[in-house]
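Please look through the sequence and the model below before reading on. The paragraphs that follow go from one residue to its surroundings, and then to the whole chain.

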Amino acid sequence: MTNFEYFNAKIKFYIFSTLTNAEVLEFPIDQKARVREVFEKVCNAISVRETWFFGLAADFGNSDIIWLKSDKELRHELKGKISKEKPDEIINIRFMVKVK
């Protein structure tokens, strides 16, 4: 499983991907990036071809995982979860297998 960290660093958003072999990939993304754009960047970086088996989910640590909708902006999907008191807080975004 691949873990991602998402945070706001003075207007720019960054995605950090930690792969199973401890390699870390960094993706700068636009503030208004859609979940689909982030998903495609990650899939391209780790060479995933069968993308329909996977998705992105936000993990808030207390066994609260929310699947992200690909047609929405990432910031809107995480709107209620980003605290104004801690704007540089890290949110884990997971690249996960979809199971029916």
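**A buried glutamate and its surroundings**

Glu73 has a relative accessible area of 16%, so Glu73 counts as buried. The value, like every other one here, comes from a predicted model. The cut-off for buried is under 20% relative accessible area.

Side chains of opposite charge can pair when their charged atoms come close. Here the side chain of Glu73 forms a salt bridge with that of Arg75, at 2.8 Å from N to O. The structure holds 1 salt bridge. Arg75 has a relative accessibility of 29% and therefore counts as partly exposed.

Ala33 and Glu73 are 40 residues apart along the chain, yet 5.6 Å separates their C-alpha atoms. Ala33 lies in the loop that runs between strand E3 (24-29) and helix H1. With a relative accessibility of 4%, Ala33 is buried. If its neighbours within four places in sequence are left aside, the contacts of Ala33 are Val38, Glu73 and Leu74.

Just after H1 comes Ser47, with a positive phi of about 60°.

Strand E6 (residues 91-97) has 7 residues, and 5 of them are buried, so E6 is largely enclosed by the rest of the structure. E6 pairs with strand E4 (residues 54-59) in the antiparallel sense, over 6 bridges. In this pairing, Phe54 stands opposite Val97 in E6.

How many helices and strands does the protein have? Its secondary structure comes to 2 helices and 6 strands. Read from the N terminus, the order of the elements is β-β-β-α-β-β-α-β.

Some totals complete the picture. The protein has 100 residues, and buried residues make up 32% of them. Of the contacts between residues at least 6 apart in sequence, 50% join residues at least 24 apart. The contact between Ala33 and Glu73 links residues 40 apart along the chain.

Methods
Residues numbered from 1 in each chain as written. Predicted model: local features only at pLDDT ≥ 70, side-chain atom pairs only at ≥ 80, totals over all residues. Heavy atoms only, no water. Helix = DSSP H or I, 4+ residues; strand = E, 2+ residues; numbered from the N terminus. Buried < 20%, exposed > 50% of the residue type's maximum accessible area, 1.4 Å probe, protein only. Pairing = 2+ DSSP bridges. Contact = heavy atoms within 4.5 Å. Salt bridge = Lys/Arg side-chain N within 4 Å of Asp/Glu carboxyl O.
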